[in-house]
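Please go through the terms used for the structure below, and set each against its definition.

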Amino acid sequence: MAVKETIEAKQQIASPQLTGAEIREKIRLFPWWTVGLIGVFVLTAHLILTRPSYQDAFNFIRAGVGVTVQTTLVAYGIALVLGLFTGLGRISHNVVIQNLGTLYVELIRGIPMLVLIFFIAFVGVPAGVGLLNQIGEWFSQIGLQLIAQPLIQLENSSVPMTTRAIIALSVTYGAFQAEIFRAGIQSIGRGQMEAARAQGMTHWQAMRFIILPQAIRNVLPALGNDFVSMLKDSSLVSVLAVRDITQIAKLYAGRSFQYQEAYVTLAVLYLMMTVVLSALVKWIERRVRQDERNA
Amino acid sequence: MKNSLIKVFVLAIVLFLSACGSPADTSSTSTGNVGETPSINTPSQPEGCLGTAETAIVDLGCREVTIAVENAYLPFNYISIQTGEPGGWDYDAWREICTRLHCIPVFVETAWDGMIQAVSDGQFDVAADGITNTPERQKIVDFSIGYIQIQQRLLVRKGESRFTSIEEFAQNDALIMGTQVSTTNYETAVKFLPEGRIKAFEQFPFAIQALIAGDVDAVIIDEIVGMGYSGQNADKLELIGPSISSDELGFVFPKGSPLVEPVNKALESMKADGTLAALNEKYFGPSFNVTEEDIK
């Protein structure tokens, strides 16, 4: 009898029956949105493979993917560096550095990205080039010809539109990331800094070995988010006639009047890239959390 | 609790009122523009209705005709710097056409990119923006009869010596061409240059600013428009080279639009009595260089 009960109990554990509540729970937790997204991709792939008009649009537009990806990567790299140093500057005790950092962040956060792109392309860079030319003139008057010559010869056309667009993107995102880094650093308890200083480290050693690693781990989700966001904002460089996928889609639609094919393909291309990037960012976050737990 | 409820309520009202505020559309401001001559003595006629039923070639009965314009395309449609009001050949021409057809012209500012598609979709009754008649475009829209034949030429910085024609331009790989997206100018450029050497901007003023700043070396543009812009920047720009392509310009309508016939008749009558020639002379003739003072 006891043996039979034990066997029944073991069977119950070995092959549990799913109750109605458990099935509903599974349905509720299942990522249906992934299925939806995959559906969109499958539908678009089908359209591209079966309809020649979609095939034309796709072949035309994908030529710009390289420019889009390159612009995003370079601009993000610069924004990271800019953001880190500005973030550190904002919490520095030095009056000049702190105020410069705050001025930069407040200025840039007040101007929309599209306006900033036009500003830098048509006002900022020509003014900068003019300034460098002037500095070159002064150098050549002093007699430092070696430095002077390249500065004088600098022209507006030496700075391609792609570069100006990257400057605008990285300057904008640098300001936002400065705030992210600042928040990350300030979220680390004062105890950490005090303990580090008590160990005999200087302020900067403490920052580099103790505070920043923890801070960056904390803000990794926000940074990853910014990366995906920058990929989408890179579409704005099309107003400077830079040949990224948005510009090429516009040109294609303008010439062929296939607006539906062009813009469906364009939207799904961006979607594909951002989904892949989001997955990558999630994976990195998970790895970092795992390391933290294992450490 | 009550305090925060009141705050939320006030915020909601403010947002609601701002959303219901004056809509920023130009169409309502443009019918009563710059010296409209309303009809003679019919008080029942709606405001902005031009001409009369008796004198009309085809009586459209004061219907509103929505006309898509770009307002960034000298001398066809542009914003006068002096008065801040939109004006140009298209505005004058359509006021004349509506006088002869007894209708109300309503000008709507639109982006050029997508304008023809928007007309094809029925969003506007007609588009007027110096649009070239091409077989591809005829597939999705109807064109009026041509009102002028124009040449495409190169606009360059004054004193440009590296090339004198588009063929020479094409041979020098370092040179970049500027133009506007979705134009026949762009399509002509593609015949001579690889796409990587062509920068297509949203509007011609951007391309011309890029030319002045040195970012592009030439702008391929309709001669009339080039004259308008080089008139504005006479010390910096000039038109060079022979005609690259000859294009006929017309108005575009949705396919099967009932307006095509009446407008064609109006244009014919304007050609017959010299009105069209006078209008072209005013905006496209050499005296148009005076526009610099007009616009300032």
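This is a predicted model: local features need pLDDT of at least 70, side-chain atom pairs count only at pLDDT 80 or more; totals for chains, interfaces and linings use all residues.

Residues are numbered from 1 along each chain as its sequence is written, chains are lettered from A in the order in which they are written, and side-chain values use heavy atoms, with hydrogens and water left out.

Q: Why are Lys250(A) and Glu202(B) called a salt bridge?
A: The term asks for a side-chain nitrogen of Lys or Arg within 4 Å of a carboxyl oxygen of Asp or Glu. Between Lys250(A) and Glu202(B) the N to O distance is 2.2 Å, so the pair qualifies. Across the interface of chain A and chain B the rule finds 4 salt bridges.

Q: What makes up the contact between the chains, and how much area is buried?
A: Counting heavy atoms within 4.5 Å as contact, 19 residues come from chain A and 24 residues from chain B. The two chains bury about 1,900 Å² between them, 59% of it on carbon and sulfur atoms, where buried area is the accessible area (1.4 Å probe) lost on being put together, summed over both parts.

Q: How do you know that Glu261(A) is buried yet has no salt bridge?
A: Buried means under 20% relative accessible area (1.4 Å probe, protein chains only), and Glu261(A) is classed as buried. The nearest side chain of opposite charge, Arg51(A), is 5.9 Å away, therefore beyond the 4 Å limit.

How values were computed. Buried means under 20% relative accessible area, exposed over 50%, partly exposed in between (1.4 Å probe, protein chains only). Lys and Arg count as positive and Asp and Glu as negative; His and the chain ends are not counted.
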